[in-house]
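Welcome! Take a moment to look over the sequence and the fold below, and then we can walk through them together.

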Amino acid sequence: ASSAQASHGGPGPVVIAHRGASAYAPENTLAAVDKAAELGIDWVENDVQRTKDGELVVIHDDSLRRTTDVEEVFPGRAPWKVKDFTAAEIARLDAGSWFGAAYAGARVPTLEQYVARVERHRQKLLLEIKSPELYPGIERETLKVLGNEGWLDRRHVAGRLIVQSFSADSVRTVHELKPAVKTGLLGTPAVADLPAYAGFADQINPSHDSLSLGYVSAVQAFTGPHGRPMEVFAWTVDDAAGARLTAGYGVDGIITNRPDVVLAATRGQ
Ligand code: G3P
Ligand code: CA
């Protein structure tokens, strides 16, 4: 079993709540972290970006439009990019009403607030550095926040923290700045390119629909920067049949908006 499987304490892939338990609570909010905890899910995934004044915040899109009421609060500020708003402005936005009235008043969390909530639940964090090309230096800043929150101590880096990105440059930078931190490269790179990535990425994390048994075994045959077989966390699988199929490929983890469904479908395999 890989370290990820071992850390989950049972057979079957690790189950990671995508943007929190985002089928049941607004994505990337503290409520979605709480919901994952309530469902007994110990891993959460999030997306990190940066405000105009340099605060790291947890949100998926590079625009605030889809998941907040920014259009109403700041009507003249199209296209409402995260990077064009200050942290104080973003803190005024409602990031819950779009999802459902029960979540009215949920906020876009700062990374600091988010990590504190994950820690409070004793959960584990799969942190995605989103669109790093928009935010030069975000790798160092992300590690600084994690360090301030105690997440770069041995206990955390040894099994509770993975930093991932679609940008190989960003993943390499994280590895170079803090070699102890476990890292993941999002996407489905060609097998021929894996030896290069194995120098700085512990995981290759592909879309589930790009997977095969052969690809997963090819990745796992490489040794990552920490001397263990490279792992595969697949995204985003929300139904029982898809979860069983993906688990059958031998993946180490499944990233899902419905972690309860995937957990039920994959345990006992
Ligand atoms: O963690 C994998 C997944 O989150 C990558 O895609 O667009 O949901 O950030 P996206
Ligand atoms: Ca993500």
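Two residues are said to be in contact if their C-beta atoms, placed from the backbone, lie within 7 Å. With that in mind, please note that this is a predicted model.

Let us begin with the chain as a whole. It holds 12 helices and nine strands. Its radius of gyration is 18 Å, close to the 18 Å that the globule rule gives for 269 residues, so the chain is as compact as a globular protein of that length. Some overall values are gathered here.

| Property of the chain | Value |
|---|---|
| Span of the C-alpha trace along the principal axes | about 50 × 40 × 30 Å |
| Share of the 269 residues that count as buried | 48% |
| Share of contacts between residues at least 6 apart in sequence that join residues at least 24 apart | 58% |

Now for the interior. In soluble globular proteins, nonpolar side chains tend to be buried together. Here the largest nonpolar core has 70 residues, and Ile16, Ala234 and Ile254 touch the most other members. Helix α2, residues 30-38, gives the most to this core, with six residues.

Which residues does Ala234 contact, leaving aside its neighbours within four places in sequence? They are Pro206, His208, Leu211, Thr246, Val251, Ile254 and Ile255.

How values were computed. Residues numbered from 1 in each chain as written. Chains lettered and ligands numbered in written order. Predicted model: local features only at pLDDT ≥ 70, side-chain atom pairs only at ≥ 80, totals over all residues. Helix = DSSP H or I, 4+ residues; strand = E, 2+ residues; numbered from the N terminus. Rg over C-alpha atoms; globule rule 2.2 N^0.38 Å. Buried ≥ 20, exposed ≤ 12 C-beta atoms within 10 Å, placed from the backbone. Core = buried A, V, L, I, M, F, W, Y, C linked by C-beta atoms within 7 Å.
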